[in-house]
Amino acid sequence: MTSGGGTWEEAQKKAFYEPFTRDTGIKVVLVPEDHSKLLASIQVGQPEADVTSIPGGFLAGFVNKGAVQEINYGLFDKDTLSAIPDNLKNKYGIGALLYSVGIAYDETRFKDPSTAPKNWGDFYNVSAFPGMRTLPKCEKMIDGGMLEGALMGDGVQPKDVYPIDIDRAFAKVAAIKPNVSRWWTAGAEAPQSLIDGEVDIADAYNGRIFAAKKQGAPLAFSWDQSLLQYDYWVVTKGAPNRGNADKLLAYIATAKPQAAFAELIGYGPVNRKAYDLIPEDQRKALPGAPGVAEKQVFQNYAWWNETDADGKTNWENALKKCVSLLSQ
(Lines give C-alpha, C1' and ligand atoms only; values in the text may rest on other atoms or scores of the structure.)
Protein backbone atom coordinates (compact mmCIF):
# COMPACT_ATOMS: atom_id res chain seq x y z
CA MET A 1 0.00 0.00 0.00
CA THR A 2 1.07 3.58 -0.53
CA SER A 3 0.65 6.01 2.34
CA GLY A 4 0.68 9.78 2.76
CA GLY A 5 2.34 9.58 6.18
CA GLY A 6 1.55 11.49 9.37
CA THR A 7 -1.84 11.28 11.05
CA TRP A 8 -3.32 9.85 7.83
CA GLU A 9 -1.03 6.83 8.02
CA GLU A 10 -1.57 6.34 11.75
CA ALA A 11 -5.35 6.42 11.33
CA GLN A 12 -5.19 3.92 8.47
CA LYS A 13 -3.00 1.58 10.49
CA LYS A 14 -5.33 1.59 13.50
CA ALA A 15 -8.62 1.45 11.59
CA PHE A 16 -7.69 -0.67 8.57
CA TYR A 17 -4.38 -2.45 8.43
CA GLU A 18 -3.82 -3.72 11.98
CA PRO A 19 -7.36 -5.17 12.29
CA PHE A 20 -7.07 -6.69 8.79
CA THR A 21 -3.76 -8.37 9.64
CA ARG A 22 -5.19 -9.55 12.97
CA ASP A 23 -8.24 -11.10 11.30
CA THR A 24 -6.58 -12.53 8.17
CA GLY A 25 -2.88 -12.96 8.92
CA ILE A 26 -2.06 -10.91 5.81
CA LYS A 27 0.66 -8.33 6.42
CA VAL A 28 0.31 -4.81 5.01
CA VAL A 29 3.56 -3.12 3.94
CA LEU A 30 3.50 0.66 3.45
CA VAL A 31 5.56 2.67 0.96
CA PRO A 32 5.63 6.50 0.67
CA GLU A 33 2.97 7.87 -1.65
CA ASP A 34 4.42 9.24 -4.87
CA HIS A 35 2.03 8.76 -7.77
CA SER A 36 4.55 9.82 -10.41
CA LYS A 37 7.00 7.21 -9.16
CA LEU A 38 4.24 4.61 -8.86
CA LEU A 39 3.07 5.21 -12.45
CA ALA A 40 6.64 4.87 -13.70
CA SER A 41 7.03 1.56 -11.86
CA ILE A 42 3.75 0.28 -13.34
CA GLN A 43 4.87 1.23 -16.85
CA VAL A 44 7.98 -0.93 -16.56
CA GLY A 45 5.94 -3.84 -15.18
CA GLN A 46 7.20 -3.64 -11.60
CA PRO A 47 4.59 -1.74 -9.55
CA GLU A 48 6.00 -0.67 -6.18
CA ALA A 49 2.57 -1.07 -4.59
CA ASP A 50 -0.48 -3.26 -5.12
CA VAL A 51 -2.94 -0.59 -4.01
CA THR A 52 -2.98 3.20 -3.85
CA SER A 53 -5.64 5.82 -3.21
CA ILE A 54 -6.16 8.57 -5.76
CA PRO A 55 -8.46 11.60 -5.98
CA GLY A 56 -11.65 10.94 -7.91
CA GLY A 57 -10.50 13.34 -10.59
CA PHE A 58 -7.40 11.24 -11.27
CA LEU A 59 -9.20 7.99 -12.04
CA ALA A 60 -9.79 8.56 -15.76
CA GLY A 61 -6.14 9.46 -16.24
CA PHE A 62 -4.98 6.28 -14.49
CA VAL A 63 -7.42 4.20 -16.56
CA ASN A 64 -6.31 5.86 -19.81
CA LYS A 65 -2.70 5.04 -18.94
CA GLY A 66 -3.63 1.38 -18.36
CA ALA A 67 -2.32 1.70 -14.81
CA VAL A 68 -5.17 0.03 -12.90
CA GLN A 69 -7.22 -3.17 -12.88
CA GLU A 70 -10.94 -3.74 -12.36
CA ILE A 71 -12.13 -3.92 -8.75
CA ASN A 72 -13.12 -7.44 -7.67
CA TYR A 73 -16.56 -6.65 -6.27
CA GLY A 74 -17.27 -10.36 -5.94
CA LEU A 75 -15.43 -10.33 -2.59
CA PHE A 76 -17.59 -7.53 -1.12
CA ASP A 77 -20.56 -8.63 0.97
CA LYS A 78 -24.02 -7.49 -0.14
CA ASP A 79 -24.65 -5.29 2.92
CA THR A 80 -21.45 -3.36 2.25
CA LEU A 81 -22.17 -2.82 -1.43
CA SER A 82 -25.75 -1.67 -0.75
CA ALA A 83 -24.46 0.92 1.75
CA ILE A 84 -21.98 2.53 -0.68
CA PRO A 85 -23.29 5.16 -3.16
CA ASP A 86 -23.18 4.12 -6.81
CA ASN A 87 -20.74 6.88 -7.82
CA LEU A 88 -18.23 5.42 -5.35
CA LYS A 89 -18.41 1.95 -6.92
CA ASN A 90 -16.57 2.55 -10.17
CA LYS A 91 -15.45 -0.32 -12.37
CA TYR A 92 -11.83 0.63 -11.66
CA GLY A 93 -12.08 2.22 -8.22
CA ILE A 94 -13.89 1.76 -4.91
CA GLY A 95 -14.57 4.79 -2.73
CA ALA A 96 -12.01 5.32 0.02
CA LEU A 97 -13.35 8.33 1.95
CA LEU A 98 -15.08 11.70 1.76
CA TYR A 99 -12.91 14.67 2.62
CA SER A 100 -12.58 18.38 2.19
CA VAL A 101 -9.83 20.84 1.49
CA GLY A 102 -10.18 24.42 2.64
CA ILE A 103 -8.67 27.24 4.66
CA ALA A 104 -6.81 26.47 7.88
CA TYR A 105 -4.92 28.89 10.07
CA ASP A 106 -2.84 29.29 13.20
CA GLU A 107 -5.10 30.43 16.06
CA THR A 108 -2.17 32.08 17.85
CA ARG A 109 -1.68 34.26 14.77
CA PHE A 110 -5.38 35.05 14.30
CA LYS A 111 -6.73 35.13 17.85
CA ASP A 112 -10.17 36.56 17.13
CA PRO A 113 -12.28 34.07 15.12
CA SER A 114 -14.47 36.89 13.82
CA THR A 115 -11.50 38.45 12.00
CA ALA A 116 -9.70 35.25 11.03
CA PRO A 117 -9.45 34.08 7.39
CA LYS A 118 -12.53 32.08 6.42
CA ASN A 119 -12.55 31.57 2.66
CA TRP A 120 -10.43 31.64 -0.49
CA GLY A 121 -10.93 35.39 -0.90
CA ASP A 122 -9.24 35.83 2.49
CA PHE A 123 -6.50 33.36 1.61
CA TYR A 124 -5.53 35.38 -1.46
CA ASN A 125 -5.93 38.77 0.25
CA VAL A 126 -2.38 39.26 1.55
CA SER A 127 -2.96 42.90 2.46
CA ALA A 128 -5.88 42.19 4.81
CA PHE A 129 -4.40 38.88 6.00
CA PRO A 130 -0.60 39.22 5.85
CA GLY A 131 1.63 36.20 6.32
CA MET A 132 2.98 33.21 4.47
CA ARG A 133 0.87 30.54 2.83
CA THR A 134 1.17 26.93 1.78
CA LEU A 135 -0.43 25.50 -1.36
CA PRO A 136 -0.33 22.04 -2.96
CA LYS A 137 2.34 21.16 -5.47
CA CYS A 138 1.26 20.33 -9.00
CA GLU A 139 0.65 16.60 -8.51
CA LYS A 140 -1.78 17.47 -5.69
CA MET A 141 -3.49 20.18 -7.73
CA ILE A 142 -6.92 18.51 -7.88
CA ASP A 143 -7.33 17.17 -4.35
CA GLY A 144 -5.56 20.26 -3.01
CA GLY A 145 -8.18 22.42 -4.75
CA MET A 146 -5.55 24.76 -6.17
CA LEU A 147 -7.44 26.07 -9.20
CA GLU A 148 -10.92 26.15 -7.67
CA GLY A 149 -9.53 28.03 -4.67
CA ALA A 150 -7.66 30.48 -6.90
CA LEU A 151 -10.80 31.33 -8.87
CA MET A 152 -12.89 31.88 -5.74
CA GLY A 153 -9.99 33.90 -4.40
CA ASP A 154 -10.28 36.03 -7.55
CA GLY A 155 -13.96 36.69 -6.93
CA VAL A 156 -15.63 33.90 -8.89
CA GLN A 157 -18.81 32.69 -7.18
CA PRO A 158 -18.81 29.02 -6.13
CA LYS A 159 -21.63 28.18 -8.56
CA ASP A 160 -19.57 29.61 -11.44
CA VAL A 161 -16.24 27.87 -10.75
CA TYR A 162 -16.82 25.26 -13.48
CA PRO A 163 -15.79 25.14 -16.21
CA ILE A 164 -12.49 26.32 -14.76
CA ASP A 165 -10.77 29.22 -16.50
CA ILE A 166 -7.29 27.69 -16.25
CA ASP A 167 -5.39 30.78 -17.35
CA ARG A 168 -7.23 33.02 -14.88
CA ALA A 169 -6.66 30.54 -12.06
CA PHE A 170 -2.94 30.25 -12.68
CA ALA A 171 -2.62 34.03 -12.95
CA LYS A 172 -4.00 34.25 -9.41
CA VAL A 173 -1.63 31.53 -8.18
CA ALA A 174 1.29 33.35 -9.83
CA ALA A 175 0.33 36.57 -8.02
CA ILE A 176 0.45 34.94 -4.59
CA LYS A 177 3.54 32.85 -5.33
CA PRO A 178 5.91 35.21 -3.41
CA ASN A 179 3.80 34.59 -0.31
CA VAL A 180 3.92 30.79 -0.59
CA SER A 181 6.77 29.36 1.47
CA ARG A 182 5.87 25.70 0.98
CA TRP A 183 4.33 23.74 -1.89
CA TRP A 184 3.17 20.55 -0.22
CA THR A 185 3.11 17.08 -1.72
CA ALA A 186 1.82 15.16 1.31
CA GLY A 187 -1.19 16.19 3.36
CA ALA A 188 0.80 16.08 6.61
CA GLU A 189 2.96 19.00 5.46
CA ALA A 190 0.20 21.63 5.63
CA PRO A 191 -0.63 21.35 9.36
CA GLN A 192 3.03 20.82 10.21
CA SER A 193 3.90 24.06 8.41
CA LEU A 194 1.35 25.86 10.58
CA ILE A 195 2.61 24.18 13.77
CA ASP A 196 6.23 25.02 12.93
CA GLY A 197 5.35 28.66 12.31
CA GLU A 198 6.53 28.44 8.70
CA VAL A 199 3.13 29.62 7.43
CA ASP A 200 0.14 31.47 8.90
CA ILE A 201 -2.61 30.25 6.54
CA ALA A 202 -2.80 26.92 4.75
CA ASP A 203 -4.66 25.14 2.00
CA ALA A 204 -5.25 21.93 3.99
CA TYR A 205 -7.34 18.80 4.37
CA ASN A 206 -9.96 18.97 7.11
CA GLY A 207 -8.92 15.61 8.56
CA ARG A 208 -5.30 16.61 8.95
CA ILE A 209 -6.32 19.73 10.88
CA PHE A 210 -8.84 17.73 12.92
CA ALA A 211 -6.17 15.23 13.95
CA ALA A 212 -3.62 17.95 14.78
CA LYS A 213 -6.20 19.73 16.97
CA LYS A 214 -6.89 16.48 18.83
CA GLN A 215 -3.18 16.41 19.65
CA GLY A 216 -3.31 19.96 21.03
CA ALA A 217 -2.21 22.05 18.05
CA PRO A 218 -3.81 25.55 18.01
CA LEU A 219 -5.24 25.22 14.51
CA ALA A 220 -8.62 26.03 13.00
CA PHE A 221 -10.38 24.96 9.79
CA SER A 222 -13.14 26.82 7.94
CA TRP A 223 -15.86 24.97 6.02
CA ASP A 224 -16.71 28.14 4.05
CA GLN A 225 -16.03 27.44 0.33
CA SER A 226 -14.28 24.17 1.20
CA LEU A 227 -14.34 21.55 -1.55
CA LEU A 228 -16.22 18.29 -0.94
CA GLN A 229 -14.19 15.48 -2.46
CA TYR A 230 -13.61 11.75 -2.43
CA ASP A 231 -10.80 9.33 -3.15
CA TYR A 232 -10.82 5.93 -4.83
CA TRP A 233 -8.80 2.89 -3.88
CA VAL A 234 -7.33 1.34 -7.03
CA VAL A 235 -5.43 -1.88 -7.70
CA THR A 236 -2.36 -1.33 -9.86
CA LYS A 237 -1.82 -3.11 -13.17
CA GLY A 238 0.43 -6.10 -12.61
CA ALA A 239 0.01 -5.98 -8.81
CA PRO A 240 2.06 -8.96 -7.55
CA ASN A 241 -0.24 -9.50 -4.55
CA ARG A 242 -3.56 -8.99 -6.30
CA GLY A 243 -5.48 -11.59 -4.30
CA ASN A 244 -4.55 -10.13 -0.93
CA ALA A 245 -5.16 -6.61 -2.20
CA ASP A 246 -8.71 -7.59 -3.17
CA LYS A 247 -9.33 -9.04 0.28
CA LEU A 248 -8.08 -5.87 1.95
CA LEU A 249 -10.34 -3.57 -0.07
CA ALA A 250 -13.40 -5.70 0.68
CA TYR A 251 -12.51 -5.68 4.39
CA ILE A 252 -11.94 -1.95 4.85
CA ALA A 253 -15.15 -1.03 3.00
CA THR A 254 -17.25 -2.55 5.80
CA ALA A 255 -18.94 -0.31 8.35
CA LYS A 256 -16.76 -0.91 11.42
CA PRO A 257 -13.35 0.05 9.96
CA GLN A 258 -14.97 2.92 8.07
CA ALA A 259 -16.37 4.32 11.31
CA ALA A 260 -13.08 3.81 13.15
CA PHE A 261 -11.17 5.73 10.49
CA ALA A 262 -13.69 8.61 10.53
CA GLU A 263 -13.41 8.91 14.32
CA LEU A 264 -9.62 8.95 14.20
CA ILE A 265 -9.10 11.58 11.52
CA GLY A 266 -12.41 13.29 10.74
CA TYR A 267 -12.97 12.18 7.15
CA GLY A 268 -16.41 11.02 6.06
CA PRO A 269 -17.03 7.29 5.53
CA VAL A 270 -18.17 5.96 2.16
CA ASN A 271 -20.22 3.23 3.84
CA ARG A 272 -23.47 4.87 5.01
CA LYS A 273 -23.92 2.29 7.79
CA ALA A 274 -20.72 3.56 9.40
CA TYR A 275 -22.56 6.72 10.51
CA ASP A 276 -24.60 4.58 12.94
CA LEU A 277 -21.36 3.71 14.75
CA ILE A 278 -20.02 7.28 15.02
CA PRO A 279 -20.89 9.53 18.01
CA GLU A 280 -23.47 12.17 17.06
CA ASP A 281 -21.33 15.17 17.97
CA GLN A 282 -18.57 13.99 15.63
CA ARG A 283 -20.97 12.92 12.91
CA LYS A 284 -22.09 16.56 12.58
CA ALA A 285 -18.52 17.70 11.91
CA LEU A 286 -17.76 15.35 9.02
CA PRO A 287 -17.48 16.50 5.39
CA GLY A 288 -20.80 16.30 3.61
CA ALA A 289 -22.82 16.21 6.83
CA PRO A 290 -26.01 18.32 7.17
CA GLY A 291 -25.05 21.85 8.18
CA VAL A 292 -21.64 21.45 6.59
CA ALA A 293 -22.47 20.49 3.00
CA GLU A 294 -24.42 23.73 2.49
CA LYS A 295 -21.18 25.71 2.85
CA GLN A 296 -19.22 23.48 0.51
CA VAL A 297 -18.48 23.29 -3.20
CA PHE A 298 -18.76 19.86 -4.79
CA GLN A 299 -15.64 19.24 -6.82
CA ASN A 300 -16.50 18.48 -10.43
CA TYR A 301 -14.43 15.42 -11.36
CA ALA A 302 -16.28 15.12 -14.67
CA TRP A 303 -14.78 18.45 -15.76
CA TRP A 304 -11.29 17.41 -14.70
CA ASN A 305 -11.64 14.24 -16.78
CA GLU A 306 -12.90 15.94 -19.94
CA THR A 307 -10.54 15.64 -22.91
CA ASP A 308 -9.55 18.04 -25.67
CA ALA A 309 -9.12 17.33 -29.38
CA ASP A 310 -5.72 15.76 -28.67
CA GLY A 311 -7.16 13.38 -26.08
CA LYS A 312 -5.55 15.23 -23.15
CA THR A 313 -7.65 15.62 -19.99
CA ASN A 314 -8.12 18.99 -18.33
CA TRP A 315 -6.00 17.60 -15.50
CA GLU A 316 -3.11 16.80 -17.86
CA ASN A 317 -3.28 20.22 -19.54
CA ALA A 318 -3.44 22.03 -16.20
CA LEU A 319 -0.59 19.91 -14.84
CA LYS A 320 1.67 21.03 -17.68
CA LYS A 321 0.89 24.70 -17.00
CA CYS A 322 1.42 24.20 -13.27
CA VAL A 323 4.84 22.61 -13.67
CA SER A 324 5.87 25.46 -15.95
CA LEU A 325 4.70 28.08 -13.40
CA LEU A 326 6.42 26.52 -10.39
CA SER A 327 9.66 25.99 -12.28
CA GLN A 328 10.01 29.74 -12.93
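**Exercise 1: helix α14.** In this predicted model, find how far α14 reaches from its first C-alpha to its last, and which of its residues are buried.

*Solution.* Start with the length: α14 covers residues 314-326, which makes 13 residues. From first to last C-alpha the helix reaches 18 Å, close to the 18 Å expected at 1.5 Å a residue. Next, pick out the buried residues of α14, which are N314, W315, A318, C322 and L325. These residues lie on the same side of α14 because they cover an arc of only 85° around the axis. Finally, look at what covers them: the list includes α3 (59-64), α6 (146-153), α7 (166-176) and α13 (301-305).

**Exercise 2: strand β3.** Work out which way the residues of β3 point, and which strand is joined to β3 by bridges.

*Solution.* Now sort them by direction. V51, S53 and P55 point one way, while T52 and I54 point the other way. Then turn to the pairing, where 5 bridges join β3 to β9 (residues 219-236), and the two strands run antiparallel.

**Exercise 3: S193.** Decide whether S193 is buried or exposed, and list what it touches beyond four places in sequence.

*Solution.* First locate S193 in helix α8, residues 189-195. Its relative accessibility is 1%, and buried means under 20%, so S193 counts as buried. Leaving out residues up to four places away in sequence, S193 touches R182, E198 and V199.

Key
Residues are numbered from 1 along each chain as its sequence is written. This is a predicted model: local features need pLDDT of at least 70, side-chain atom pairs count only at pLDDT 80 or more; totals for chains, interfaces and linings use all residues. Side-chain values use heavy atoms; hydrogens and water are left out. Buried means under 20% relative accessible area, exposed over 50%, partly exposed in between (1.4 Å probe, protein chains only). Helices (H or I, at least four residues) and strands (E, at least two) are DSSP runs, numbered from the N terminus. Two strands pair if DSSP finds at least two bridges between them. The expected span of a helix is 1.5 Å times one less than its number of residues. The arc is that of the directions from the helix axis to the C-beta atoms. Contact means heavy atoms within 4.5 Å.
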